[in-house]
Amino acid sequence: MLLIQLLINGIIMGAVYSLASLGFAIVYNTTKIFHIGYSALYMIAPYFFWQLYTKLGLNISLSIFVSIILTMIISILIDKTIYQPLFIKKSSSNVVTISSIGVVTIIVNVIAMIFGNETKILNSDIANTIKFSGMIVTYPQVYQFISSIIIIIIFFIVLKKTNLGIIIRAFSNNDVLVQIMGINILRTRLLLFGISGIMIAIAGLSISYDVGMDPYIGMPMLLNVIVAFIIGGIGSFAGPLIGGFFIGVIQALTIWMFSSKWQSAITFIILIIFLIFRPQGFLGKKEREV
Amino acid sequence: MNYFFHIIIMINIYIVLTVSSNLLVGMTNLLSLGQAAFYGIGAYFSVLALTTLNLPLIPSLIVAMLATGVFSLLLALTSLRLKNDYFVLSTLGFQIITFSVLYNWISVTKGPYGIPGIPAPKLLGIFQVSGIIPFLIFSTVMSLFTIFIFYYLINSPFGRLLKAMREDELALITLGKNITSLKIQTFAISSSFIAIAGFLYATYVTYIDPSSFNLDESIFILSALLIGGLGNIKGPVVGSIFVILLPEILRFVGLPDSIAANMRQIIYGLILIILMRFKPEGLAGNYRIK
């Protein structure tokens with residue numbers, strides 16, 4: 001019984017991991033940027049929401065909308081001001097990763113300076129629950145699951161059916177050829193960072209609405225996201241979904257078998273096992289180093 | 001005056017950390033986010049040797065260095081086949097797992113409660129290294145020793161091999177050199193010297209807990225190294241002095257304590273981004289990370 005309840009929680013969490021990890025994949029598959037700054041976006045969206053909703057007293061849907069837009073703008077600005085100049089200079093991947101660490105450090109500490117280090121609660125009511133045959137699901141969990149699934153479905157429709165989708169797939173396949181086809185990849189990158197910013201903002205909002213936030217929630221989430229992305233398979237867009245649900249369920253099983261405190265260790269042990277034995281992940285293609 | 005001595009001791013500890021990390025990051029181009037894990041392993045083994053085994057200074061130091069070296073082999077064997085982002089990721093995994101074990105394995109490490117009352121190490125059965133002046137001397141001797149060893153290493157045939165490897169692995173393989181074994185040696189040497197910093201920290205502060213060895217600390221060590229510069233001895237030394245002195249300077253400028261800590265992090269972040277864009281070799285280094 002406990003196991004089934006934990007699995008349900010794991011699948012709901014897995015949906016959020018999938019969404020967040022898809023946003024990471026959109027950036028990594030196309031630009032090959034190890035976007036650690038992504039963790040700061042996860043944390044900053046609920047802070048925008050807190051400022052608009054709790055402080056300024058705007059209505060809830062407007063607050064959600066504006067905080068998603070603001071997060072998207074920050075995501076685009078990070079690419080425009082930090083990553084693109086390095087791309088133009090043809091900097092190495094480690095240089096970009098280090099800059100990305102710098103971005104996180106700055107954003108996290110600016111937020112901590114403005115809002116303080118303590119945990120903030122977005123929703124202080126006791127959550128209403130849905131009960132069915134002994135299982136309990138809270139309303140925030142329902143929002144998490146439904147919003148994640150809807151965004152994922154919209155993204156896949158865009159990816160398969162529209163011109164933009166074709167460009168994204170082409171970009172993740174070979175960025176030089178995309179340029180040759182006359183597509184301005186610098187502008188396309190901004191669009192991709194925008195989409196990825198929207199995704200992580202929704203993930204951040206839906207989780208923080210449930211459990212609150214502090215300025216340091218981004219990094220633990222990013223670690224889960226990266227693990228989900230890697231074991232799903234780099235270069236694929238369906239991989240993050242498999243990886244996300246896999247990590248969600250594994251973490252639920254960890255709680256069942258050991259204790260929640262070993263979650264991060266088990267997650268990374270799984271990552272290292274994958275890196276050694278199947279570095280291409282579930283869906284990735286095996287590439288040979290030239 | 002004690003305040004001044006305290007700063008010098010901290011600089012000495014960071015010199016040990018960064019000069020030995022430089023062998024890995026600067027000489028071998030392996031960007032590691034797991035340096036604080038080695039620092040922590042060194043510190044915990046020092047405490048184990050000093051308290052449980054009740055050993056004097058030099059044997060304890062050797063125990064800590066050997067133990068940390070052995071743990072580094074664990075990481076080396078799993079991660080050396082990986083490149084760039086994947087390698088960074090595996091060191092990140094090592095960092096998270098180590099922290100998780102230090103934090104959660106309460107029966108052995110006392111977890112978040114930490115280990116208080118670490119005894120002063122005995123030197124040659126006569127001297128007790130306790131109090132600020134003996135520590136000043138002890139830490140200065142250890143940091144000069146580390147500088148001396150690494151200066152010698154970098155300018156030795158071994159150092160030239162490492163330089164050749166970071167520039168062109170393939171060329172070195174064709175010359176019949178075993179690059180895997182070279183990298184493993186680098187790992188072992190670099191991390192066992194980091195254990196010295198762990199020993200200094202544990203005996204100086206006389207209290208350790210896992211929060212001193214978390215991911216943020218890893219990022220901090222890496223920032224100190226990258227700000228100073230890679231590839232020579234001068235870079236890490238300059239970096240250590242810089243990151244330890246900056247907060248003190250900010251204090252004299254009259255920044256309120258409530259925001260000083262965040263302000264300091266923001267400045268580090270900004271410096272990292274600016275350096276990566278315009279001067280990837282750091283303030284005093286001679287190697288640009290690839």
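A polar contact is a pair of N or O atoms within 3.5 Å; within protein, one must be able to donate a hydrogen and the other to accept it, and residues adjacent in sequence count only if both atoms are side-chain atoms. In this predicted model, local features need pLDDT of at least 70 and side-chain atom pairs count only at pLDDT 80 or more, while totals for chains, interfaces and linings use all residues. Residues are numbered from 1 along each chain as its sequence is written, and side-chain values use heavy atoms, without hydrogens and water.

Between chain B and chain A, four residue pairs are in polar contact, both residues being at pLDDT 80 or more. The count of salt bridges (a side-chain nitrogen of Lys or Arg within 4 Å of a carboxyl oxygen of Asp or Glu) between the two chains is zero. The largest share of the side of chain B that touches chain A, 14 residues, is supplied by helix 4 of chain B; helices are DSSP runs of H or I with at least four residues, numbered from the N terminus. In total, 39 residues of chain B are in contact (heavy atoms within 4.5 Å) with 42 residues of chain A.

Helix 2 of chain A covers residues 38-55.

Note on methods. Chains are lettered from A and ligands numbered from 1 in the order in which they are written. Helices (H or I, at least four residues) and strands (E, at least two) are DSSP runs, numbered from the N terminus. The expected span of a helix is 1.5 Å times one less than its number of residues.
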